[in-house]
Each structure stands twice: as C-alpha cells, then as structure tokens.
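Subject: Structure for you to look at

Hi,

Here is the structure I promised. Please open it beside this email and follow along.

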Amino acid sequence: MRRVYLDNNATTKTDERVLEAMLPYFCEVYGNAHSMHSFGQEAGRALDSARETVSNILKIEKSELIFTGTGVESNNLAIRGIARAYKRRGNHIITSAIEHPGAKNTCQDLEREGFEVSYIPVDKNGVVIVEELKKAIRKETILVTLMHANNETGVVQPIEEISKITRENKIVFHTDAVQTVGKIPVYPKELGVDLMSFSAHKFNGPKGTAGLFVKNGIRLGKVITGGGQERKIRPGTTNLAGVVGMAKALELATANMEEKMKEEEELRSFFETEMVARIPEIKINGKEATRLPGTSSISFRHLEGESILLGLDYKGIAVSSGSACSSDDLQASHVLLAMGIEVVDAHGTIRFSLGKFNTREDIEYVIEEAPKVIEKLRTISPLWNE
Amino acid sequence: MRRVYLDNNATTKTDERVLEAMLPYFCEVYGNAHSMHSFGQEAGRALDSARETVSNILKIEKSELIFTGTGVESNNLAIRGIARAYKRRGNHIITSAIEHPGAKNTCQDLEREGFEVSYIPVDKNGVVIVEELKKAIRKETILVTLMHANNETGVVQPIEEISKITRENKIVFHTDAVQTVGKIPVYPKELGVDLMSFSAHKFNGPKGTAGLFVKNGIRLGKVITGGGQERKIRPGTTNLAGVVGMAKALELATANMEEKMKEEEELRSFFETEMVARIPEIKINGKEATRLPGTSSISFRHLEGESILLGLDYKGIAVSSGSACSSDDLQASHVLLAMGIEVVDAHGTIRFSLGKFNTREDIEYVIEEAPKVIEKLRTISPLWNE
Amino acid sequence: MEYTKKVMDHFMNPRNVGVIENPDGYGKIGSPSCGDMMEIFLKIEDGIIKDVKFRTFGCASAIASSSVTTEMILNKTVEEALQVTNKAVVEALDGLPAAKVHCSVLAEEAIKAAIEDYLSKK
Amino acid sequence: MEYTKKVMDHFMNPRNVGVIENPDGYGKIGSPSCGDMMEIFLKIEDGIIKDVKFRTFGCASAIASSSVTTEMILNKTVEEALQVTNKAVVEALDGLPAAKVHCSVLAEEAIKAAIEDYLSKK
Ligand SMILES: Cc1ncc(COP(=O)(O)O)c(C=O)c1O
Ligand SMILES: Cc1ncc(COP(=O)(O)O)c(C=O)c1O
Ligand code: FES
Ligand code: FES
C-alpha cells in the first residue's frame with residue numbers, strides 16, 4: 001500500500017543530507033563546544049559555523065541567535081523572558097486567539113502570575129484583526145506575541161503591519177515563526193520583530209533543536225539558569241549535531257525557495273480543486289487569506305475528525321485533526337472556533353500539510369481514496385442524510 | 001601525534017552502537033510520537049520502548065520518567081518545579097556549596113524570588129557535612145537538592161544517609177545524578193530520592209537528551225508550558241532519535257558495569273600513582289573520599305590551570321580546568337574553594353576524567369608527557385623555586 | 001494513544017449500521033457540538049432483541065463501541081441487554097485508551113435509552 | 001574561545017624567560033590569589049633596554065603577553081618602552097579573546113612598574 005505523509009506541519013522527515021551533515025558530530029567531533037582543548041575547539045568551530053549559516057540566511061547578527069531545544073522552549077523563553085525583564089515597565093501582554101499551545105499556555109500561566117493578557121480575535125479567514133489589536137494597546141503593554149503563520153490553517157498573519165504599530169508604541173514584538181521559517185522567506189528584521197522563534201524539525205531538520213532570534217539591545221530574562229552556554233541565556237550542553245543539522249536543513253530549505261513554493265502551491269491547488277469536486281459538503285478554511293503554500297484545512301461536514309484521520313490512516317494517508325499537540329485532549333480546535341466555524345464542523349476538520357517529499361502521485365492517490373473514506377463514514381453518521 | 005581525550009566528565013564520544021540505534025529515527029521513523037496516524041504510532045512505540053528500557057534499568061515506573069533536553073533543564077525543572085508546587089508549604093531550600101551551575105544558579109535565582117537557601121559546606125574531602133545539613137532543616141524546608149557525585153572531583157555524596165533525614169522530615173529530595181548515571185549503579189528508589197536528573201551525553205549517549213525521575217505522587221510545577229508531551233510537564237516535540245540513543249547508551253553503560261568500574265579504577269590508580277611519583281608538589285583532591293572510578297582532580301602547585309590545559313592540549317591531551325561551563329569566566333572553582341583548597345592551588349587544578357574508550361596506552365602517554373609540560377611551565381612561574 | 005485490533009476492526013467494518021423504520025425502541029445520546037452523538041434502533045419480539053441498528057457521529061472508539069454493543073445485545077433478552085455495562089464494552093474491544101473510556105459509556109447509555117423507550121411505549 | 005597562532009607560539013615558546021640578577025629595573029604586578037602574577041627584570045645601559053627577562057604565573061594569554069612584550073621593548077629606549085600599550089600588545093599577538101584582554105594590561109603594567117623602579121633608583 002502506498003503511504004502518503006501529509007502531516008508536515010506536525011513534523012517532517014529529516015532530509016538525508018541533513019543527517020549526513022550531522023553524522024561527524026556524534027563519534028568524531030564530540031567535544032564540548034565550550035571546552036578549551038582541541039576537541040572543544042573543533043566543536044566550537046562547528047557551532048560557530050552553524051550559527052553563521054543560520055544568521056546569514058535569516059539576515060541577522062550571530063549575536064542575535066540563541067539555540068534552544070524546541071519551538072515551545074523558544075516561545076517560552078521569548079514570552080517569559082520579556083515578561084520578566086520588562087515587568088517594571090508594565091504588566092500587559094497582547095496575543096491572539098489562535099496561538100500554538102506553547103505561546104497560549106505560557107500567556108495563561110503569566111496571567112496567574114499577575115500579568116494581564118488580551119487575546120485579539122481573528123476574522124472568518126483566520127487573520128488577526130489589526131484594529132482590535134490597536135485598541136488593546138495600553139501604556140502598560142510590554143509585549144505583543146503573535147504567530148507568523150497558524151499551524152492548523154496555514155494562514156499568514158500581518159506581522160509587518162503590526163510591527164509598525166509596536167514600534168510606534170515602543171512595545172516589544174515576538175513572533176512564533178515555527179511554521180514559516182524554512183517554508184516561505186522569513187527575515188525578522190524586514191518583518192520588524194524583536195524576537196522570533198523557529199524549530200528545525202518543521203523544515204526537514206532534526207527534532208530537538210530550535211532557535212530564537214533576539215534583536216541586539218532587547219533584554220531577556222531567563223527560563224532556565226545554569227552555566228555560560230548561549231550567552232548564559234540558554235545554558236546546558238549544546239546539541240551540536242542538532243545545531244549543525246538545523247543549519248544544513250535551513251540551507252536546503254531556502255535554496256530555490258520561490259520555485260519550490262510555487263510547485264507546492266500548485267500541488268495544493270490541484271488537491272483542493274479535486275477534493276471540492278469529488279466530495280460534497282466540504283469547506284476549505286482560510287482560503288481567502290494568504291496561506292502557507294502547503295497547508296490545507298478542510299471541514300468535512302457531519303463527521304468527526306478522529307474517525308476521518310483513522311479512516312485515511314487505514315489507507316496509508318497520514319493527516320492530523322487539529323494540531324498534534326491537542327490530539328490527546330478532545331476539545332474542538334480553538335483556532336477554528338475563533339474563526340467562527342461551528343463546533344460541529346470544527347470537530348470534522350482535517351489538516352493536510354504537504355512537504356517537499358510529496359509528489360503528484362501522492363496527491364492523486366489521496367483524491368482517489370479520501371472520497372471513499374468520507375462516504376463510508378457518512379453512512380454511519382446520524383447527521384448525514386443524502 | 002596521539003590524541004587522548006580525558007575530559008569525559010564534560011561530555012563523551014557517542015558510542016557507535018548508540019548512533020546506529022538512532023539512525024532509523026531521522027529519515028525512516030520520523031512521525032511525531034503524539035500523532036495518531038501510523039507514522040506517529042511507530043514513533044510512539046519507539047518512544048514507549050525507550051522509556052521502558054530506561055525505567056527498567058533505573059528500576060522506576062515508566063510514569064516516573066520525564067524526558068528533557070539537557071541535564072541543566074532537568075535540574076531547573078526539579079528545583080523550580082518543586083519550589084512552585086510546594087511554595088505554600090514553605091520557602092526554604094537546602095543545597096550544598098559544591099553544586100553544578102545548573103542547580104546553584106537556579107537556587108540563587110529562587111532567592112531573588114523570595115526563597116531562602118542554605119548552602120551546606122563540605123569537608124576537606126569534598127563530602128557534604130551531614131550534621132550541618134540536619135541543623136539547617138526548618139519547618140519551612142520544602143526541598144533538599146544535592147548532587148550525587150561532584151563533576152570536578154568525582155566525590156560521591158552520602159545521598160542514602162541524607163534521604164533518611166529528608167523522609168523523616170517529609171522534605172522533597174532531588175539529586176543531580178548527571179555525573180553518576182551510567183558510571184556507577186544508580187537506583188533512585190534505593191537512594192531514597194524523590195527526583196533525580198541525568199543526561200545522556202555523559203555516558204556515551206547523544207547531546208541534547210536528558211531525563212528527570214519524578215516519583216509518583218510528587219507534585220511538580222512547570223518551567224516550560226505548552227502542549228501535552230511528557231505528561232504536560234515538558235512540552236515540545238520529543239527528540240525521538242535522542243531518546244532512543246539515551247536508552248541504548250544506558251543499556252550499554254550498565255552492562256557489566258562492576259567489571260568496567262574496576263578496570264577504570266585500576267587505570268586511574270595507575271595514573272595517579274605515576275603522576276605523584278613523577279611530578280613534585282602535586283595533590284590529588286578528594287582522594288580519601290569515595291569517588292567516581294574515572295575522575296582525578298589534581299592541583300599542580302605554582303601553576304595556573306589554563307596554561308596547563310593548553311600545554312597538555314598541545315601534546316594532544318584533552319583535560320579541563322574546573323568545569324567546562326566555567327571556562328569562560330576566570331574565577332577559581334567554587335568547588336575546590338569549598339573544600340578549603342587555597343585559591344592559588346585551586347587556580348592550578350586540572351580534572352582528568354576517564355571514559356570507556358581510554359586505554360592503558362593513553363595513560364602511559366599522559367604520564368610520559370605531563371611531567372614535561374609541568375616542568376616547562378614551572379620554569380616560567382615566579383612562584384616556583386627548585 | 002493506540003487502539004486495539006478489535007477497535008480498529010469494528011471501526012473499519014462496523015456491524016449493524018443503519019436505521020430501522022418504525023423501531024420498537026429508539027435511543028439518542030450525545031450532541032454534535034460535544035463531538036459525539038449516537039442513535040440506536042431496536043426491533044423487539046417477545047422481549048428478545050431481534051434486530052438492532054446504529055448510527056454514530058464521533059471518534060473511532062465511539063463507532064467501535066456502538067458496533068460491538070449492537071453485537072452484544074443482538075438476540076438477547078431486554079433484561080440481558082440492560083446488564084451490558086461500559087466495562088463489558090471496553091472488554092469486548094480488548095481495551096480502550098484511558099481518554100476514550102467515556103465513548104463506551106455513551107454506547108451503554110444509548111442502549112439503555114433505546115430500551116427505556118421500548119418499555120415506556122409498552 | 002580560541003587563541004591565535006601568535007599567542008600559542010609565544011605561549012609554547014616564550015622568549016626571554018628567567019631572571020636577571022641585580023636588575024636595573026624590576027616590576028611585579030598581580031597576585032597569585034587572583035590567578036595571575038608577572039615579574040619583569042630589566043638591564044638598562046645609556047637609557048636603552050639591553051636585556052629583559054620575565055616570569056609569569058597565569059593563563060596562556062598572560063604568558064604570551066609577557067613574552068611578546070619583552071620582545072617589543074628589547075633594545076628600545078626607556079621612553080619608547082613606556083609608550084607600549086596593552087593595545088599594541090594585543091595587536092602584536094594578532095588579537096586576544098575579549099575575556100583575555102586584561103592579561104595584556106598586566107604586561108603593560110609590569111613593564112611600566114619595572115621602568116618606574118629603574119627611574120626611581122637613578
Ligand atoms: C506555530 C507553532 N509554534 C510552536 C510549535 C512547537 O515547536 P516544537 O515542536 O519544536 O516544540 C509548533 C509545532 O508544534 C507550531 O506549529
Ligand atoms: C553535575 C552536573 N549536573 C548537570 C550538568 C549539566 O548537564 P547538561 O550538560 O546535559 O546540561 C552537568 C554537566 O555539565 C554536571 O556535571
Ligand atoms: S466519542 Fe468522545 S472522544 Fe470518543
Ligand atoms: S592572566 Fe587573568 S586570565 Fe589571563
């Protein structure tokens with residue numbers, strides 16, 4: 001049976017060339033990058049070169065890049081770090097209603113510590129309403145944290161427009177770019193943000209390595225305290241192989257990026273057109289907005305997401321319902337609800353996310369099989385009446 | 001030139017068999033362990049099996065094991081997590097004067113948040129003075145955090161004796177076992193601790209993967225908030241290859257452990273006997289205490305550590321002065337000073353730490369070269385007069 | 001979270017799917033906005049369940065629970081069917097993940113509701 | 001943190017190590033408990049530094065700084081030697097890591113101390 005992986009927004013296959021780049025840093029160059037001896041110096045040079053590669057691609061300074069362990073950790077470090085460093089100036093944070101749990105739960109946790117948080121709504125396409133954000137600004141506002149693209153819908157947020165507002169109001173601006181870095185061109189300085197999170201495993205790099213851009217001059221409190229690694233902001237022995245892998249993955253992801261984006265977008269367009277043609281009563285979410293080229297969020301009316309997910313999985317097709325993180329809890333997605341989608345339709349929503357290894361044959365297989373799965377499940381559903 | 005790596009307490013070479021075990025989890029089994037589809041289920045099974053291996057070896061329940069990114073993170077999660085969860089019960093923490101920066105700086109940070117911390121002194125062998133610890137206990141004491149073996153001297157602490165005291169007084173007990181797990185037999189339940197940190201790269205596993213034992217029933221606050229991974233205590237996409245590597249490394253490290261410890265200890269004994277015989281005015285630190293079998297801390301009088309480190313490095317011998325983490329700052333080691341070693345001798349102290357890949361030939365080379373390096377440096381030193 | 005083979009079998013090949021026109025007993029439990037809803041139709045003769053059909057909107061474990069439950073009560077007396085507990089449903093499926101046990105409760109409740117409907121109409 | 005080739009060369013092959021008996025100028029800077037201490041011995045004839053020796057307790061960059069400084073002042077006039085700054089020392093070593101610049105300051109100070117000693121005895 002063909003196996004088609006369409007869950008690339010959850011995580012991706014490590015590119016073989018990335019793995020190859022990582023290999024020497026397990027059994028050959030294994031020193032601690034912070035040790036002074038030659039083993040450490042070799043490691044230190046590799047660390048420095050990885051930092052240089054990533055910084056160059058993102059058009060930032062080497063000193064503006066902190067390596068961390070996960071995207072969630074980067075988000076925590078950014079949000080908690082700013083909250084801690086700037087709390088004397090104010091206790092108000094602005095975020096959106098559609099953030100990833102890493103940012104959302106961190107904001108909620110800060111509320112328990114006495115911070116006030118405004119959750120800005122989105123329109124029906126899943127785009128943050130800038131006017132609402134403007135209205136939410138107070139003189140106590142110290143931070144705006146807003147994702148660059150949403151993981152469930154792929155909808156890209158108006159970061160540049162908002163960064164004009166934060167700059168005018170001298171508010172620190174963090175963006176969670178975990179879903180955009182490596183997929184579309186992302187340059188934090190052009191976006192105008194002060195901090196930006198990203199994570200290697202979302203762009204065919206290894207799991208367990210992520211990054212945080214922190215603009216020079218921005219103060220940052222710590223989440224984890226210890227030794228001197230990563231400018232003392234993120235101590236703990238550096239995962240050198242991981243960092244080298246992230247640099248290689250970013251290099252590969254950003255080469256011929258426009259071309260690859262165009263191909264991916266064409267593939268998705270083919271997919272969506274066929275799905276709509278072949279399956280009645282479905283709806284593509286966020287279709288009117290700017291989206292990541294490979295993400296497609298589809299609501300299948302009268303069905304529940306997990307059963308679709310497993311039905312497709314039975315045919316070898318891997319997708320997700322809501323985000324992977326929430327597959328343990330059984331709530332309808334807060335992202336879809338925030339867009340005004342009915343609860344029952346939110347329950348029946350599936351995310352198809354393409355990656356660089358997907359082919360046209362993959363998609364042809366899916367548009368062949370998915371309609372059968374949906375039809376079969378609908379015969380079981382009491383909500384479905386032909 | 002021969003290259004001899006004697007800095008295994010800083011980090012170790014990944015065992016080839018560990019790397020081999022990890023390889024399938026980059027490009028083949030690459031799903032997110034928390035996804036429901038078959039790609040995720042394969043990953044989930046591997047994660048579960050790694051958790052089972054590690055739990056079995058440590059003789060703990062699977063539900064008592066949290067995977068983290070670094071030993072420093074484990075220490076932070078344990079110390080901050082308990083501080084947060086138990087702060088209503090009291091605000092006093094007991095630790096020692098010789099902790100790793102990961103624990104030490106975290107305690108200091110909690111002091112700024114309003115906690116009170118007692119730093120228990122050590123005797124001249126580097127062993128925590130249990131009587132002092134007893135005296136420090138107050139009714140507000142919520143946590144004792146104490147390392148299992150010190151990273152600079154290898155001196156093993158009387159954890160079992162102290163756990164009797166903490167149990168009697170109903171105080172949570174965390175041990176930083178980053179230097180012992182994989183080197184000597186370690187069973188948290190026999191030690192009687194409630195939490196225990198360890199880190200894969202210290203026992204020939206990969207960097208960037210660590211663990212925290214949390215006894216069932218112990219409440220723990222979070223350091224990083226996000227999705228549901230690792231029982232919601234440590235969210236962020238799991239580094240599956242790393243976790244698999246850690247399990248394999250622990251398996252290898254604990255097979256025939258007693259035998260390997262004996263061999264290592266013999267090698268160290270040979271090394272120390274020869275060093276003392278060949279080089280005047282040196283002193284082995286913590287020699288009277290129980291030590292890790294492979295660690296040797298030697299003070300070379302009239303010299304400064306960095307110059308010895310670089311002198312040895314020039315001969316291909318990798319060692320460390322103080323701990324790798326502090327090689328950026330220029331202070332004399334707080335561990336050695338706490339043992340009552342004179343500042344000037346602390347400055348001249350070198351840690352030699354053996355690992356499983358060191359041979360007798362390695363040591364023969366070192367005892368041949370080190371005396372020449374020391375003699376040459378002493379001719380430059382104004383403190384040295386034959 | 002992984003399902004047993006039994007769950008997957010009942011999910012992929014659900015038994016007794018459909019509706020019975022003019023059922024002797026009808027039960028409906030749950031609501032679409034909670035993400036799960038179940039309908040049970042019963043045909044009862046001389047106190048024996050001669051036919052049963054179901055329709056379920058919900059997760060795989062809800063579908064499998066309904067399916068296995070219809071098998072468990074077919075050709076049983078009404079009294080026997082009332083004894084079916086969610087625990088028995090879980091066992092018949094070789095287990096359910098902890099977060100999914102409530103789906104089997106739904107099946108138990110749907111059966112009970114259908115039988116109550118039958119009893120109330122008698 | 002990595003040292004330049006120049007630093008490593010001066011560290012591994014330090015020039016002018018030793019003492020001068022009855023020096024015309026002697027300077028001592030630093031203290032062992034701070035982790036660094038430097039001694040400079042000068043032999044001066046007609047205002048020209050004819051010989052210089054040093055001994056240093058300290059890190060590689062302290063040793064290299066002392067060594068290169070002795071080279072820089074040998075056969076120079078006292079006035080010229082007084083112009084040697086730590087910046088010049090750093091340059092002569094092709095640079096020092098930021099955390100190690102103070103070691104070159106030590107060398108500058110030791111030279112100054114030795115020359116002052118010479119001047120005060122004149
Ligand atoms: C928008 C967004 N932020 C953060 C994360 C977390 O990244 P990581 O899995 O590396 O912790 C993810 C992925 O799960 C994401 O989609
Ligand atoms: C005693 C001790 N605790 C904690 C750590 C930190 O472990 P990691 O390097 O994995 O963060 C180390 C090693 O540096 C250590 O020696
Ligand atoms: S029906 Fe609620 S999760 Fe199964
Ligand atoms: S002499 Fe102080 S660090 Fe070099």
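**Two helices in chain C**

In chain C, helix α1 (residues 5-12) and helix α2 (residues 60-73) cross at roughly 85°, and their axes come within 8 Å. Helices here are DSSP runs of H or I with at least four residues, strands are runs of E with at least two, and both are numbered from the N terminus. Axes are lines fitted to C-alpha atoms, for helices over the stretch in contact; angles run from 0 to 180 degrees between N-to-C directions. So α1(C) and α2(C) are roughly perpendicular to each other (65 to 115 degrees; under 35 is roughly parallel, over 145 roughly antiparallel, the rest oblique).

Which residues make the contact? From α1(C) come V7(C), H10(C) and F11(C). From α2(C) come A60(C), I63(C), A64(C), S67(C), V68(C) and E71(C). Contact means heavy atoms within 4.5 Å. By class, this contact has six nonpolar, two polar and one charged residues. Ala, Val, Leu, Ile, Met, Phe, Trp, Tyr, Cys and Pro count as nonpolar; Asp, Glu, Lys and Arg count as charged; the others, Gly among them, count as polar.

**A note on the model**

This is a predicted model: local features need pLDDT of at least 70, side-chain atom pairs count only at pLDDT 80 or more, and totals for chains, interfaces and linings use all residues. Residues are numbered from 1 along each chain as its sequence is written, chains are lettered from A and ligands numbered from 1 in the order in which they are written, and side-chain values use heavy atoms, leaving out hydrogens and water.

**Two helices in chain A**

Now turn to helix α11 (residues 305-314) and helix α14 (residues 360-380) of chain A. They pack at about 135°, with axes 10 Å apart. Therefore α11(A) and α14(A) are oblique to each other. S307(A), I308(A), G311(A) and L312(A) of α11(A) meet A370(A), V373(A), I374(A) and L377(A) of α14(A). The contact of α11(A) with α14(A) has six nonpolar, two polar and no charged residues.

**The sheet in chain B**

Chain B has an open sheet of seven strands, ordered β2-β8-β7-β6-β5-β3-β4, with mixed pairing. Two strands pair if DSSP finds at least two bridges between them. The edge strands are β2 (65-68) and β4 (116-120) of chain B, and each pairs on one side only. β2(B) and β8(B) (residues 210-214) pair in the antiparallel sense over four bridges. There, I66(B) has L212(B) in β8(B) as its bridge partner.

Best wishes
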